Amino acid sequence: LERARALADVCDAAGISLPRAALQFPLRHPAVASVVVGLSTIPQIDAAIEHLQVPIDDEVWARLDAVVHGGP
């Protein structure tokens, strides 16, 4: 929970949402061609599309990676 809060703090400081980072995270790996998410409403679909349209800066990924690999 502490690490999730730290990830959310990094996202907040960068002006992005944690769901945006979560949806884009697996796409950073070259072996990943797609991400399948469970969506059941039009607003969820619209949000997922919006989350994928704006790339996240490498600097933000570096800070998120530091939290994941180094602790909060």
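**Figure 1. Overall fold of the chain, with four helices and zero strands.** The model shown is predicted. Read from the N terminus, the elements follow the order α-α-α-α. The C-alpha trace spans about 35 × 25 × 20 Å along its principal axes. The chain has 72 residues, and 24% of them count as buried. Its accessible surface is about 5,000 Å², with 60% belonging to carbon and sulfur atoms. Among contacts with a separation of 6 or more, 74% are between residues 24 or more positions apart.

Figure 2. Helix 4 covers residues 58-70, 13 residues in total. From its first C-alpha to its last it reaches 17 Å, close to the 18 Å expected at 1.5 Å a residue. The buried residues of helix 4 include Val 60, Trp 61, Leu 64 and Val 67. These residues are on the same side of helix 4, because they cover an arc of only 120 degrees around the axis. The buried residues of helix 4 pack against helix 1 (2-14) and helix 2 (18-24). Asp 58, Glu 59, His 69 and Gly 70, on the other side of helix 4, are exposed.

Figure 3. Not counting residues up to four places away in sequence, Val 60 touches Val 10, Ala 14 and Ile 16. Arg 3 is 57 residues from Val 60 in sequence, and the two C-alpha atoms are 16 Å apart in space.

**Figure 4. Arg 20 and its salt bridge to Glu 50.** Arg 20 lies in helix 2. With 9% relative accessibility, Arg 20 counts as buried. Leaving aside neighbours within four places in sequence, Arg 20 is in contact with Glu 50, His 51, Val 54 and Ile 56. The contact with Glu 50 includes a salt bridge between the side chains, at 2.2 Å from N to O. This pair links distant parts of the chain, since Glu 50 is in helix 3 and Arg 20 in helix 2, 30 residues apart. Glu 50 is partly exposed, at a relative accessible area of 36%, whereas Arg 20 is buried at 9%.

**Figure 5. Salt bridge between Arg 28 and Asp 65.** The side chains of Arg 28 and Asp 65 meet at 2.9 Å, N to O. Arg 28 lies in the loop between helix 2 and helix 3 and Asp 65 lies in helix 4, so the pair ties together parts 37 residues apart in sequence. Arg 28 counts as partly exposed, with 37% relative accessibility. Asp 65 is also partly exposed, with a relative accessible area of 22%.

**Figure 6. Salt bridge between Arg 63 and Glu 59 within helix 4.** The closest N and O atoms of Arg 63 and Glu 59 are 2.8 Å apart. Both residues lie in helix 4, separated by four residues, about one turn of the helix. Arg 63 is partly exposed, its relative accessible area being 33%. Glu 59 counts as exposed, at 55% relative accessibility. The salt bridges in the model come to three. Side chains of opposite charge can pair when their charged atoms come close.

**Figure 7. Nonpolar surface patch of about 630 Å².** The patch is made by Leu 27, Val 35, Val 37, Leu 39, Ile 42, Ile 45, Ile 49 and Leu 52. Leu 52 is found in helix 3, which covers residues 42-53. Leu 52 has a relative accessible area of 44% and is therefore partly exposed.

Technical notes. Residues are numbered from 1 along each chain as its sequence is written. This is a predicted model: local features need pLDDT of at least 70, side-chain atom pairs count only at pLDDT 80 or more; totals for chains, interfaces and linings use all residues. Side-chain values use heavy atoms; hydrogens and water are left out. Patches are made of residues with over 30% relative accessible area and no salt bridge: like charges are joined within 9 Å, nonpolar side chains (Val, Leu, Ile, Met, Phe, Trp, Tyr) within 5 Å. Accessible areas come from the Shrake-Rupley method with a 1.4 Å probe; for residues, only the protein chains shown count as cover. A salt bridge is a side-chain nitrogen of Lys or Arg within 4 Å of a carboxyl oxygen of Asp or Glu. Helices (H or I, at least four residues) and strands (E, at least two) are DSSP runs, numbered from the N terminus. Buried means under 20% relative accessible area, exposed over 50%, partly exposed in between (1.4 Å probe, protein chains only). The expected span of a helix is 1.5 Å times one less than its number of residues. The arc is that of the directions from the helix axis to the C-beta atoms. Contact means heavy atoms within 4.5 Å.
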